[in-house]
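Student: I have a model open beside its sequence, and I would like to work through it with you step by step. Could we begin with a single residue and then widen the view?

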Amino acid sequence: MKKTVLFSLAVLVLSTFCTAQDEYLDKVQTLDSTIETLYAVISGEAGEKRDWDLFKYLFTADARLIPSGPNQEGKISYRVMSPDQYIDTSGAWLEENGFFEKEIYRITESFGSLTHIFSTYESYRSESDEKPFTRGINSIQLMKDSNRWWIVNIYWTGERADNPIPEKYLPKK
C-alpha cells in the first residue's frame, strides 16, 4: 500500500513538472522567442508578479548572470550570479518598483550550436514611460540543442557618461 501511494505521488509530481515544462517549450523554440521571453519575463508594472519559473526555464543548469560596472571605489568590477541568485537579489525590487527592459537593437553572431548576441536595451519604470532611466548592452551567449534554445550566460553593463553606447550598437536613424 505504501509503495503504491509513493509511486502515485511520484507520478503526479513528475507529471506536473513535465506539464509546466511543456507549457514553456514554445517560448524557446526560436532565437527571437527566447530573447523576447527573457525581456518580457523580467518586465512588469509595480506590484506585478513575475513568472520566475519561466525565467529559470530559459537557462542552462549552470548559467551565469554577470552585471559589470563601477564599484563603490569607481573601479570597474563584476559579480557572478545564478538565475536563482538573480531572483533573490533583484526579484522583489523589480516587482515592487516596476521595471521594463526593452531591446532596441541586436547584433547576432552564430557558429554551429553557439550564438552570441549583443542586445542593446533601454530600461523604464513603467510601460507608459516615454524616456528610459537607463540603457546598456546585454552580451548573451546561447546554445541551440536538438529541442530548444538555452541561455548559457548574460554579461551586461550600463551606459554611463564615461561609457556611452557606440553608434554601431544603436538603431539606425
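Student: In which strand does Thr115 lie, and is Thr115 buried or exposed?

Tutor: Bear in mind that this is a predicted model. Thr115 lies in strand β4. Its relative accessible area is 1%, and since the limit for a buried residue is under 20%, Thr115 is buried.

Student: With which side chain does the side chain of Thr115 make a polar contact?

Tutor: Leaving out residues up to four places away in sequence, Thr115 touches Leu31, Thr108, Glu109, Ser110, Ile140, Gln141, Leu142 and Trp149. One of these, at 2.8 Å, is the partner in a polar contact between side chains, namely Ser110.

Student: How are the helices and strands arranged along the sequence?

Tutor: The protein has four helices and six strands. Read along the sequence, they follow the pattern α-α-α-β-β-α-β-β-β-β.

Student: What does Phe59 contact, apart from its neighbours within four places in sequence?

Tutor: Phe59 is among the residues with the most contacts inside the core. With those sequence neighbours set aside, its contacts are Leu38, Leu65, Pro83, Trp150, Ile151 and Ile154.

Student: How far apart in space are Ile137 and Tyr155, C-alpha to C-alpha?

Tutor: Ile137 is found in strand β5 (residues 134-144), and at 13% relative accessibility it counts as buried. Beyond its neighbours within four places in sequence, Ile137 is in contact with several residues, including Phe118, Tyr121, Tyr155 and Trp156. Ile137 and Tyr155 are 18 residues apart in sequence, and their C-alpha separation in space is 8.5 Å.

Student: Which residues make the nonpolar surface patch of about 330 Å²?

Tutor: Val80 is found in the loop between β2 (76-78) and α4 (83-97). The patch is made by Tyr78, Val80 and Tyr155.

Student: Which residues are linked with Arg106 in a network of salt bridges?

Tutor: The side chains of Arg106 and Asp32 meet in a salt bridge at 2.7 Å, N to O, a pair that links distant parts of the chain, with Arg106 in strand β3 (residues 100-111) and Asp32 in helix α2, 74 residues apart. Arg106 also forms a salt bridge with Glu103, the closest N and O atoms being 2.9 Å apart. Relative accessibility is 21% for Arg106, 41% for Asp32 and 27% for Glu103, and each of these values falls between the buried and exposed limits, so each residue counts as partly exposed. The partners of Arg106 in the network are Asp32 and Glu103.

Definitions and conventions. Residues are numbered from 1 along each chain as its sequence is written. This is a predicted model: local features need pLDDT of at least 70, side-chain atom pairs count only at pLDDT 80 or more; totals for chains, interfaces and linings use all residues. Side-chain values use heavy atoms; hydrogens and water are left out. Helices (H or I, at least four residues) and strands (E, at least two) are DSSP runs, numbered from the N terminus. Patches are made of residues with over 30% relative accessible area and no salt bridge: like charges are joined within 9 Å, nonpolar side chains (Val, Leu, Ile, Met, Phe, Trp, Tyr) within 5 Å. Accessible areas come from the Shrake-Rupley method with a 1.4 Å probe; for residues, only the protein chains shown count as cover. A salt bridge is a side-chain nitrogen of Lys or Arg within 4 Å of a carboxyl oxygen of Asp or Glu. Buried means under 20% relative accessible area, exposed over 50%, partly exposed in between (1.4 Å probe, protein chains only). Contact means heavy atoms within 4.5 Å. A nonpolar core is a set of buried Ala, Val, Leu, Ile, Met, Phe, Trp, Tyr and Cys residues joined through side-chain atoms within 4.5 Å. A polar contact is a pair of N or O atoms within 3.5 Å; within protein, one must be able to donate a hydrogen and the other to accept it, and residues adjacent in sequence count only if both atoms are side-chain atoms.
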